[in-house]
Amino acid sequence: QKENSVYTIGFSQCIGSDLWRRTMLEEVKMELSLHPGAKLIYADANGNSKLQVKQAGEMINKGINILIISPNEAQPLTPIVEEAYNKGIPVIIIDRKTASSAYTAYVGADNFQIGKMAGEYAGEALKGKGNIVEVMGLPGSSPTIERQRGFNEGLKKYPGIKIINQVYGNWLKKDTEEQLVKIKNSLTNVNAVFAHNDQMASGSRKVLNDLKLSEQIKVIGIDALPGQGGGLQMVSSKILTASVLYPTGGKEAISTAFKILDRESFSKENILQSLVIDSTNVDLMKLQWNKFSSQQKDIERQGTLLEEQKVLFKNQQIVLNVTVIT
Ligand code: FRU
């Protein structure tokens, strides 16, 4: 790592307000703190692809050294990402993809595999027999397409299981609730709901409960975030039956960015690991998370202490100089 390199990193986020992406940004900042001098330009498109195109364009014009982008929808964001790439700005795609291979590196889990794991889990949990409703993400965003295909693949081994209905929840709890109420007749026949993320899974459970349907209906989500309101907690409290871990990749995006900028070797595809979390392993996951986050806090405390010491040292130097002069 080159100490004095002052890089400007542009980070274009499709929607910044949910817990998953707030966690991603925290990871980004934590990893960036190891690279003093680097500058971050951050923009949140609030789920609006047009706005994200504009924001990414502004970043390119400002003269960033590298672009990290999570495209809201694949097609609308493809031209601007290609433009950056063709101008010689390295591009790291994180989580959601464009429709093109014009990028420098990808960081994220394999959404097809994640869907497949969810399908296999559902097949096992239903013992090979039953009806499923699938709540999908935003139509044009790449994880929706990949998770849906993967889920189908995972269910192939279970011919006794039928997907009886599908709705788009657009990654949002509110939209999910609205869409599921519209198909409430299907829900009365359902044994499991598979939602493409935990926010939509929690909305699904709410609708099932509001309709006074059985608590035995399995609800499977994706993300499995730690902390308040996260999927781990919802698995613990049985709101969700299971959730497939979807790591945010914030830390890996920044470490990959510095490898690219410092001209070190790096992989084009950086695929993050995943696993299914249910009642059998959720406690272990929470325990590990608590340990990790307390270590993280220690590191932060040490950082502040170091800064205080530096200030103290500087002041003593001043006093020393003054003493010498007089
Ligand atoms: C957060 C989110 C996650 C989901 C991912 C897919 O904005 O909806 O819940 O796993 O995006 O890109």
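Modeller: Axes are lines fitted to C-alpha atoms, for helices over the stretch in contact, and angles run from 0 to 180 degrees between N-to-C directions. Helices (H or I, at least four residues) and strands (E, at least two) are DSSP runs, numbered from the N terminus. The model is predicted, with local features needing pLDDT of at least 70, side-chain atom pairs counting only at pLDDT 80 or more, and totals for chains, interfaces and linings using all residues. Residues are numbered from 1 along each chain as its sequence is written.

Colleague: Why is H2 called roughly parallel to H3?

Modeller: H2 and helix H3 (residues 74-86) pack at an angle of about 5°, with their axes 9 Å apart. Angles under 35 degrees count as roughly parallel, over 145 as roughly antiparallel, 65 to 115 as roughly perpendicular and the rest as oblique, so H2 is roughly parallel to H3.

Colleague: Which residues of H2 and H3 meet?

Modeller: Contact requires C-beta atoms, placed from the backbone, to lie within 7 Å; among the residues that meet are Val-53 and Ile-60 in H2, and Leu-77 and Ile-80 in H3.

Colleague: What makes S4 and S5 a pair?

Modeller: Two strands pair if DSSP finds at least two bridges between them, and strand S4 (residues 91-94) and strand S5 (residues 105-109) have three bridges in the parallel sense, with Ile-92 opposite Ala-105 in S5.

Colleague: Which are the edge strands?

Modeller: In the open sheet of six strands, ordered S2-S1-S3-S4-S5-S11 with parallel pairing, strand S2 (39-44) and strand S11 (269-272) are the edge strands, each pairing on one side only.

Methods:
Two residues are in contact if their C-beta atoms, placed from the backbone, lie within 7 Å.
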